[in-house]
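Subject: Structure handover

Hello,

I am passing the structure on to you.

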Amino acid sequence: MNPWYSVLISLFIVIGLVLIALIGVGSIGLNSLFGVYIPYVAFAVFIIGFIWRVVEWARAPVPFKIPTTGGQGKSLPWMKHEKLDSPFTTGQVIVRMLLEVFLFRSLFRNVKGELRGGPRLTFASSKWLWLFGILFHYSFLTIVLRHLRFFTEPVPQWVQLISSLDGFFEILVPTFFLTDAAFLLAATLLFLRRVVIPQVRYISLPNDYFPLLLILGIGISGILMRQVFHVDLEKVKELAIGLAAFSPTVPKELGSVFYVHLFLVSVLAAYIPWSKIMHAAGVFMSPTRNMANNNRAVRHINPWNYPVKVHTYEEYEDDFRAKMKEVGLPVDKE
Ligand code: HEM
C-alpha cells in the first residue's frame with residue numbers, strides 16, 4: 001500500500017469518529033448512548049480482550065530458550081559476566097525487565113545506520129526516539145492518574161499533589177498542565193517521525209498511524225475542554241462516579257466536546273486489545289525478555305517433544321557385554 005494512504009485512512013477514520021460523536025450528541029441527542037452504553041461496551045471489550053490476549057500468549061508453547069542478549073553470558077570465572085545484558089538468574093531477568101519497563105533501556109541503545117561515502121555503513125547513537133517515547137508514556141500516565149479526580153470523592157491527596165506539581169508554573173487560567181504540553185509535543189513528534197523519515201514511512205501501516213492520531217485527538221479534545229470550551233466539572237464527576245458505581249445518570253449540560261473526548265477514549269479502550277498498544281502486556285510475555293540465558297546450566301524442555309523410544313548405553317552394554325569383553329573393550333558393569 002502507498003504509505004501516504006495509511007496516513008490518510010487513519011486521519012479520515014479519526015475525523016469520522018469525531019463527527020460521529022458531534023452529530024450523535026449535538027444533532028440527534030444520543031447522550032445516553034455516548035455517555036453510558038458505548039463507554040460500558042468499550043470497557044468490557046477492553047477487559048475481556050486484554051485478558052484473552054494475555055491468556056493466548058501464556059498458552060503459546062515456548063519450544064526454545066531465546067532471551068535476547070547484548071553482552072557476555074555467564075561463563076568461566078575470569079570472564080566478566082554482563083548480568084543485565086545476559087541475565088543468568090530470575091533476579092537478573094527481573095532487574096532487566098524493570099529497567100526495560102520503566103526506562104525503556106533497550107530503546108536507549110537505539111542506533112541509526114547510515115551509508116556514508118565509500119559506501120561505508122556506519123552506526124551512530126540515536127536517542128530521539130527514546131526521549132519522545134519516555135516523554136509520551138510518562139505524560140500519558142500522569143494525565144490518566146490526574147483523571148482519577150473525576151472518579152473519586154474525596155479526591156485522594158496524592159492525586160491532588162500530582163495535579164499541583166503538574167500545574168506548578170500556573171500558566172493560563174485554568175492552569176495549563178506541563179504534561180499536556182509534553183504529551184502533545186511527544187505524540188506529534190512520534191507521528192511526524194513516521195511521516196517524515198522515508199524508511200519509517202515505508203514500513204508504517206494504518207495500525208501505526210491510527211492509534212497515534214486517536215491519542216492526539218483525545219489530548220486535543222481534552223485540552224480544548226479545559227482551556228477553551230470549559231466543561232462543568234461537577235457534572236463530569238457526577239457522570240464519572242455514576243459510571244464507576246454502575247448507576248450512571250447522564251447530566252444534560254455536558255457539551256459536545258466532552259462526548260467527543262469520551263467517545264475517542266472509548267474507541268481507544270476497545271481498540272487496545274487488538275492493536276500494537278498491547279505491547280504494554282506483551283513485554284512481560286515475551287520469551288526474548290522474560291527468560292534467563294542459562295541454557296547450559298538449566299535444561300529447557302521443549303513442550304513439542306514427543307516421547308522417543310531410546311536405546312540407552314546401559315541397555316546397549318547389556319546387549320553386547322559379552323562381545324565387548326571378548327574383544328577387550330572396557331565395560332561399566334561386569
Ligand atoms: C486514555 C484516557 C484519557 C486521556 C489520555 C485523556 C486525556 C486528557 C487530556 C490531555 C486532557 C487535558 C487536561 C488534563 O490533562 O487534565 C483531558 C481533559 C479532560 N478529560 Fe480526559 N483523557 C482520558 C480519559 C478521560 C475520561 C474517561 C474522561 C471521563 C470522565 C475524561 C474527561 C476529561 C475532562 C472532563 C477533561 C477536562 C478537564 C478540565 O477541564 O480540567 N477523560 N483529558
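This is a predicted model: local features need pLDDT of at least 70, side-chain atom pairs count only at pLDDT 80 or more; totals for chains, interfaces and linings use all residues.

A polar side-chain atom of His-147 is 2.7 Å from a ligand nitrogen atom. For His-261, an N or O atom of the side chain is 2.9 Å from a nitrogen atom of the ligand. Asp-180, His-147 and His-261 are among the residues that come nearest to the ligand, as are Arg-146 and Arg-226, out of 21 residues around it.

As for the make-up of the shell, 13 of its residues are nonpolar, four are polar and four are charged. Helix α10 gives the largest share, six residues. At least two residues each come from α5 (128–146), α6 (148–151), α10, α11 (233–244) and α12 (256–271).

The other item is Asp-208, which sits in helix α10, residues 206–229. Asp-208 has a relative accessible area of 12%, which is under the 20% cut-off, so this residue counts as buried. Its side chain makes a polar contact of 2.9 Å with the side chain of Lys-276. Apart from neighbours within four places in sequence, Asp-208 is in contact with Lys-276, Arg-194 and Ile-203.

Regards

Terms used: Residues are numbered from 1 along each chain as its sequence is written. Side-chain values use heavy atoms; hydrogens and water are left out. Helices (H or I, at least four residues) and strands (E, at least two) are DSSP runs, numbered from the N terminus. Buried means under 20% relative accessible area, exposed over 50%, partly exposed in between (1.4 Å probe, protein chains only). A polar contact is a pair of N or O atoms within 3.5 Å; within protein, one must be able to donate a hydrogen and the other to accept it, and residues adjacent in sequence count only if both atoms are side-chain atoms. Contact means heavy atoms within 4.5 Å. A residue is near a molecule or strand if one of its heavy atoms lies within 4 Å of it. Ala, Val, Leu, Ile, Met, Phe, Trp, Tyr, Cys and Pro count as nonpolar, Asp, Glu, Lys and Arg as charged, and the others, Gly among them, as polar.
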